[in-house]
Amino acid sequence: MTSPWWKSAVVYQIYPRSFADSDHDGIGDLPGIVSRLDYLKQLGVDVIWLSPVYRSPQDDNGYDISDYNDIDPTFGTLADVDELIEGLHARGMKLVMDLVVNHTSDEHPWFVESRDPASDKRDWYIWRPAREGFEPGTEGAEPTNWGSFFLGKGWEFDPRSQEYYLHLFSPKQPDLNWENPAVREAIYDMMRWWVDRGVDGFRMDVINLISKTYPLVDGPVTPGFEPLCYDPSMVTDGPRVEEFLKEMNREVGIDAKELFSVGEMVMVDVEHARRYTDPANGELGMVFTFEHMSLDQQPGLSKFDLKPLHLPDLKQNLALWQDALAEVGWNSLYWNNHDQPRVVSRFGDDSDEFRVPSAKALGTVLHMLRGTPYIYQGEELGMTNAGFLSIDEYNDIEAKRFHELALSLGISEWMILIALAAKSRDNARTPMHWDDSDHAGFTSRSPWLSVNSNHREINAAEALADPDSVFYHYRRLIELRHELAIVREGRFELMLPDHERIFAYTRQLDGQLLVVVANWSQEYVDLPTDELPTLTEAELLLGSHASASHYQLEPWESRIYLLDLAKG
Ligand code: ISL
């Protein structure tokens with residue numbers, strides 16, 4: 001059996017609001033993306049994943065959809081999507097759409113109808129009466145004690161029917177009732193419509209939340225984090241998720257048409273991930289795991305509860321996933337997306353001195369792993385966190401809700417701002433840096449979210465003119481995946497698991513060994529040569545520094561070697 005095409009692909013994620021503004025309203029749009037396709041081709045990526053561009057009140061920047069079959073006027077028109085598809089296909093790239101079907105917007109006609117208790121759409125969402133013995137709409141009357149992922153309660157009271165609807169995210173994102181076959185059919189139908197239009201697959205938002213465990217009951221309160229007062233494992237990987245995914249795959253023809261599919265899986269573990277991506281099960285191509293993204297938070301649920309990253313934890317977690325999916329299943333590889341802070345600021349070093357080498361080291365470590373790598377817009381330039389100093393600069397609903405809730409719990413403003421500066425999703429959402437002009441070439445007007453002032457130094461024009469830039473390093477990493485079977489298929493082995501500064505691993509295939517070494521620190525570090533393969537005969541495929549010592553790495557230096565085992 002031949003390997004599916006997406007196992008050798010590299011994906012680039014575009015957050016449309018922040019990529020390129022063509023109509024001068026300060027918000028990115030589809031024609032803006034179309035105008036930048038040659039840049040993406042030059043980087044060498046295979047697939048573009050587009051965050052939502054559908055009609056939406058934009059309560060959660062498009063993850064609240066009011067019409068799945070149309071484009072929000074902010075972003076353009078259906079004709080613009082057709083042009084994007086055509087432009088990508090003409091350049092040998094593919095388009096993956098975001099599929100947000102755990103919930104819709106409360107302004108979606110399905111939900112508007114559903115508010116009427118007599119409507120045949122009532123059962124398309126999850127409605128429940130007040131808790132027994134409670135007056136509807138009063139304190140504590142919610143059907144269960146569930147909170148929302150955006151903090152606050154997970155149920156919204158509807159005065160008209162005196163009932164509550166479930167929303168695991170904002171109150172403007174009511175959860176669909178996947179138990180209802182008519183809901184599922186409507187979704188598959190919509191997906192087929194997009195496939196017929198020419199899209200090449202889907203990134204499925206929070207797809208392991210679609211099957212709830214019935215009856216819905218109170219969850220245990222998590223000590224120290226009462227506002228999210230249920231155990232989230234009660235809503236992840238529910239009893240029918242796999243059945244629904246199989247049905248979707250069959251009905252939409254995901255495997256049959258060799259479409260791309262990645263499921264965003266909140267809190268997924270390796271066992272579930274293996275089942276979801278076992279080709280024999282006909283569910284998904286790959287998943288997004290979150291485990292490596294929670295290693296810089298204190299144990300518990302809040303990502304804003306900060307903790308420094310301990311490198312061995314990260315190595316062991318990535319190795320766990322590499323090993324667990326080595327025989328069966330497939331994983332995606334990512335440091336960044338529109339929900340995560342910029343990795344060079346988070347796990348690297350965004351100081352003037354080390355930003356470039358640390359961005360390269362991070363790219364090297366991720367891209368030489370087994371799986372499908374994702375690049376989030378601007379990562380290939382080494383873009384950094386937003387650096388916002390006041391709550392007024394933030395846009396994201398999650399940041400605002402966290403600020404409000406934390407203040408109400410008596411947490412000081414500056415503590416909240418420190419947490420937001422480290423972890424807010426707006427870190428990833430500041431506009432793309434195209435050049436050093438006033439709004440970074442993103443727009444000619446005032447942008448919807450401030451441009452980072454460091455765009456004067458960090459921008460695409462600058463990167464393209466500099467052969468040593470992060471951009472060209474990423475381009476080479478992508479080429480290596482395309483060129484070498486060992487990068488795609490080689491067996492992974494972690495080296496130096498407990499070393500606190502060096503990230504090292506090997507990949508092995510057909511008598512060859514790929515060796516990756518990276519210095520994850522500001523210090524010079526000696527390579528423990530007796531614990532690593534002998535590198536003196538090895539071919540250096542890519543290095544971040546001109547140095548040639550086989551015994552030492554400069555600060556944040558990274559190297560990729562290829563070694564012939566018969567010779568070595
Ligand atoms: O970003 C998060 C909190 O910091 C996550 O909990 C995030 O909400 C979760 O990863 C689900 O994300 C996806 O669904 C959300 C949307 O806000 C995110 O942008 C999307 O990636 C609801 O649709």
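User: Buried means under 20% relative accessible area, exposed over 50%, and partly exposed in between, using a 1.4 Å probe and protein chains only. So is Val287 buried or exposed?

Analyst: Val287 is buried, because its relative accessible area is 0%. One caution first. This is a predicted model, where local features need pLDDT of at least 70 and side-chain atom pairs count only at pLDDT 80 or more, while totals for chains, interfaces and linings use all residues. Residues are numbered from 1 along each chain as its sequence is written, and side-chain values use heavy atoms, with hydrogens and water left out.

User: Got it. Where is Val287 found?

Analyst: In strand β11, residues 286–288. Helices (H or I, at least four residues) and strands (E, at least two) are DSSP runs, numbered from the N terminus.

User: Which residues is Val287 in contact with, leaving aside neighbours within four places in sequence?

Analyst: Contact means heavy atoms within 4.5 Å. For Val287 the list is Val262, Gly263, Met265, Ala273, Tyr276, Thr277, Trp321, Trp330, Asn331 and Ser332.

User: How many residues separate Val287 and Asp205 in sequence?

Analyst: They are 82 residues apart in sequence. In space, Val287 and Asp205 are 11 Å apart, C-alpha to C-alpha.

User: Let's switch to the ligand. Which residues come nearest to it?

Analyst: Asp60, Asp205, Lys303, Asp339 and Glu398, out of 17 residues around the ligand. A residue is near a molecule or strand if one of its heavy atoms lies within 4 Å of it.

User: What about polar atoms? How far is the side chain of Asp339 from a ligand oxygen?

Analyst: An N or O atom in the Asp339 side chain is 2.5 Å from an oxygen atom of the ligand. Glu398 has a polar side-chain atom 2.5 Å from a ligand oxygen. For His338, a polar side-chain atom lies 2.9 Å from an oxygen atom of the ligand.

User: And what share of the ligand does the protein bury?

Analyst: The protein buries 93% of the 490 Å² that the ligand exposes when taken alone. Accessible areas come from the Shrake-Rupley method with a 1.4 Å probe; for residues, only the protein chains shown count as cover.

User: Which pocket does the ligand sit in?

Analyst: The largest pocket. A molecule sits in a cavity or pocket if more than half of its atoms lie within 2 Å of its grid points. On a 1 Å grid over the protein atoms alone, a pocket is an open set with protein on both sides within 12 Å along at least five of seven lines. A cavity is a set of points where a 1.4 Å probe fits but cannot get out, and lining residues have an atom within 4 Å of a point.

User: New topic. Where does His103 lie?

Analyst: In the loop between β5 (94–99) and α4 (109–114). His103 counts as buried because its relative accessible area is 1%.

User: Which side chain joins His103 in a polar contact of 3.0 Å?

Analyst: The side chain of Asn102. A polar contact is a pair of N or O atoms within 3.5 Å; within protein, one must be able to donate a hydrogen and the other to accept it, and residues adjacent in sequence count only if both atoms are side-chain atoms. A polar atom of the His103 side chain also lies 3.3 Å from the backbone oxygen of Tyr63.

User: Asp106 lies in the loop between β5 and α4 too. What does its side chain make a polar contact with?

Analyst: The side chain of Lys172, at 2.8 Å. Asp106 is buried, because its relative accessibility is 12%.

User: And Val100: buried or exposed?

Analyst: Val100 is buried, with a relative accessible area of 0%. Its place is in the loop between β5 and α4. Val100 touches Pro52, Tyr63, Ile65, Tyr68 and Asp205, not counting residues up to four places away in sequence.

User: Now the backbone. Which peptide bond is cis, with omega near -5 degrees?

Analyst: The one from Tyr214 to Pro215. Pro215 is in the loop between β9 (201–204) and α6 (241–252).

User: What about the phi of Gln162?

Analyst: Gln162 has a positive phi of about 60 degrees, although it is not a glycine. Gln162 lies in the loop between β7 (155–158) and β8 (163–166). Gln162 is partly exposed, because its relative accessible area is 36%.
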